[in-house]
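This report covers aromatic pairs, nonpolar cores and a surface patch, in that order. Please keep the structure in view while reading.

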Amino acid sequence: MQTAVPLVTNDAVVLGLLATILGLVFWTASRPDGFWKKFYTYVPALLLCYLLPAILNTLGVIDGSLSKLYPMARDYLLPSALVLLCIAIDFGAIVRLGPKAIIMFLTGTAGIMLGAVASFEIMRVIHPETVAGETWRGMTTITGAWIGGGANQAAMKEVFEVNANVFGQFVAVDVLVANVWMAVVLFLASRSQAFDRWTGADLSAINALKTRIETYQAQHARMPTLTDVMVILAVGLAVTGLSHALTGPMIEWINSLPQEWRLRDYSLTSSFFWIVVFATTFGLLLSFTKARSLEGAGASTIGSAMLYFLVATIGMQMDLNALLDRPWLFVLGVIWICVHGGLMLLVAKLIRAPLFFMAVGSQANVGGAASAPVVATAFHPSLAPVGVLLAVLGYALGTYAAYITGLMLRALAT
């Protein structure tokens with residue numbers, strides 16, 4: 001991880017750099033011909049929005065671990081984006097997407113659990129020192145993070161008594177491998193047509209959802225006025241504020257429950273979990289009201305802009321220099337995520353699932369609610385709520401699945 005003082009420490013300047021990167025990426029991606037047209041045929045614009053801040057972080061120009069921009073984007077911009085993206089959604093159409101989305105999500109969960117065992121055994125053959133001692137304990141924290149999120153990760157740290165040094169090492173593995181995997185998923189998203197031809201996927205339900213949203217947008221589109229923009233921002237930020245306001249009392253009530261209940265449902269004490277749940281719920285409820293007409297003035301466009309700033313702040317968390325600290329742990333992480341991805345590929349082929357279900361199902365596990373809607377948006381802004389709903393399911397399963405995996409790893413280590 002970074003130790004030297006970064007070149008830029010002022011978050012206002014860092015925000016300016018991120019905004020410049022996003023502006024340049026979108027401007028170049030909009031060029032109708034020439035070099036940039038050919039360049040973006042192979043490199044997705046969304047991927048650059050993610051990787052360029054990561055390069056600045058790796059080179060020491062900025063330091064994502066010191067910046068407060070990611071917590072700000074996660075806690076303020078993400079909930080607001082979810083509200084604005086959910087306003088235009090057709091909830092009934094989401095339900096009609098069918099069971100394949102859930103199957104692929106649960107396959108992703110199984111892939112993380114299986115990957116933990118497989119990577120442990122493989123590393124025991126090729127580099128036994130890596131999985132000696134307390135390594136299995138640290139692996140339980142990644143399992144919690146990659147199925148649920150930070151709260152589930154913290155739960156495993158307490159349940160399996162992971163010491164601080166081991167925990168820190170696996171946090172680095174979590175951040176780097178998960179972010180590299182997100183980059184891979186975003187790259188695949190730009191080639192979804194070829195993937196879907198390979199699996200023979202039925203895209204009718206997804207295309208129907210996108211068509212319904214696009215038709216609604218076309219019928220209600222208008223040139224946004226300043227009033228429209230201010231009302232859109234008011235709705236997004238007000239619901240975010242309400243979500244934060246309700247989160248405190250909710251957690252207080254959960255903490256008043258008996259201790260054994262709170263340990264089993266550890267993720268329910270996560271503030272971020274409840275903020276996402278409330279914001280998504282209110283956004284979906286607003287889609288049944290006249291607030292849906294705000295989509296005609298560009299509600300989802302503003303929500304997408306917020307989401308892209310989140311993408312940039314996620315990218316600035318990635319530091320390739322972390323590979324130098326304990327490289328074999330990262331080999332373990334790569335094997336682990338490859339088992340997860342390989343299983344998802346196999347099941348996607350068997351059930352003829354679209355790449356969208358595979359990508360979002362995977363990211364809902366590995367990345368959680370902060371990045372699953374980002375991947376869903378790479379396919380279409382109207383699909384972001386699907387990523388959120390699956391990610392929330394991951395929070396619910398994370399502690400249980402990680403605990404079972406921890407028991408299996410402990411058995412292997414003894």
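## The F278 and F282 pair

F282 has a relative accessible area of 22%, so F282 is partly exposed, because buried residues must fall under 20%. F278, at 13%, is buried. The model is a predicted one.

The rings of F278 and F282 make a stacked aromatic pair, with 6.3 Å from centre to centre and 20° between the planes. Both residues belong to helix α14, which covers residues 271-286, and they sit four residues apart there, so about one helical turn separates them.

## Other aromatic pairs

How many aromatic pairs does the count come to? The total is 14. In the pair of F39 and Y40, the ring centres lie 5.1 Å apart and the planes meet at 90°, so this pair is edge-to-face.

F39 is partly exposed, with 25% relative accessibility, whereas Y40 is buried at 16%. Both are members of a cluster, linked by ring pairs, that also includes F35 and W36.

## Nonpolar cores

The largest nonpolar core holds 114 residues. Which of its residues touch the most other members? They are M104, M139, W146, L310, W336, F356 and F379. Helix α9, residues 164-189, provides the largest share of this core, with 14 residues. Another core lies apart from this one and has six residues, including I251, I254, F273 and V277.

F356 can be followed in more detail. Leaving aside residues up to four places away in sequence, F356 touches I206, G361, A376, F379, L383 and V386. One of these contacts, F379, is also listed with F356 among the core residues that touch the most other members.

## A nonpolar patch on the surface

Five residues form a nonpolar patch on the surface: I122, V125, I126, W328 and V331. Together they have about 430 Å² of accessible area.

Which helices each supply at least two residues of the patch? They are α6, residues 100-126, and α16, residues 327-351. The largest share comes from α6, which gives three residues. I122 is in helix α6.

Methods: Residues numbered from 1 in each chain as written. Predicted model: local features only at pLDDT ≥ 70, side-chain atom pairs only at ≥ 80, totals over all residues. Heavy atoms only, no water. Patch = residues over 30% accessible without salt bridge, like charges linked within 9 Å, V, L, I, M, F, W, Y side chains within 5 Å. Areas by Shrake-Rupley, 256 points an atom, 1.4 Å probe, with all protein chains shown as cover. Salt bridge = Lys/Arg side-chain N within 4 Å of Asp/Glu carboxyl O. Core = buried A, V, L, I, M, F, W, Y, C linked by side-chain atoms within 4.5 Å. Buried < 20%, exposed > 50% of the residue type's maximum accessible area, 1.4 Å probe, protein only. Contact = heavy atoms within 4.5 Å. Phe/Tyr/Trp six-rings, centres within 6.5 Å; stacked < 30°, edge-to-face > 60°.
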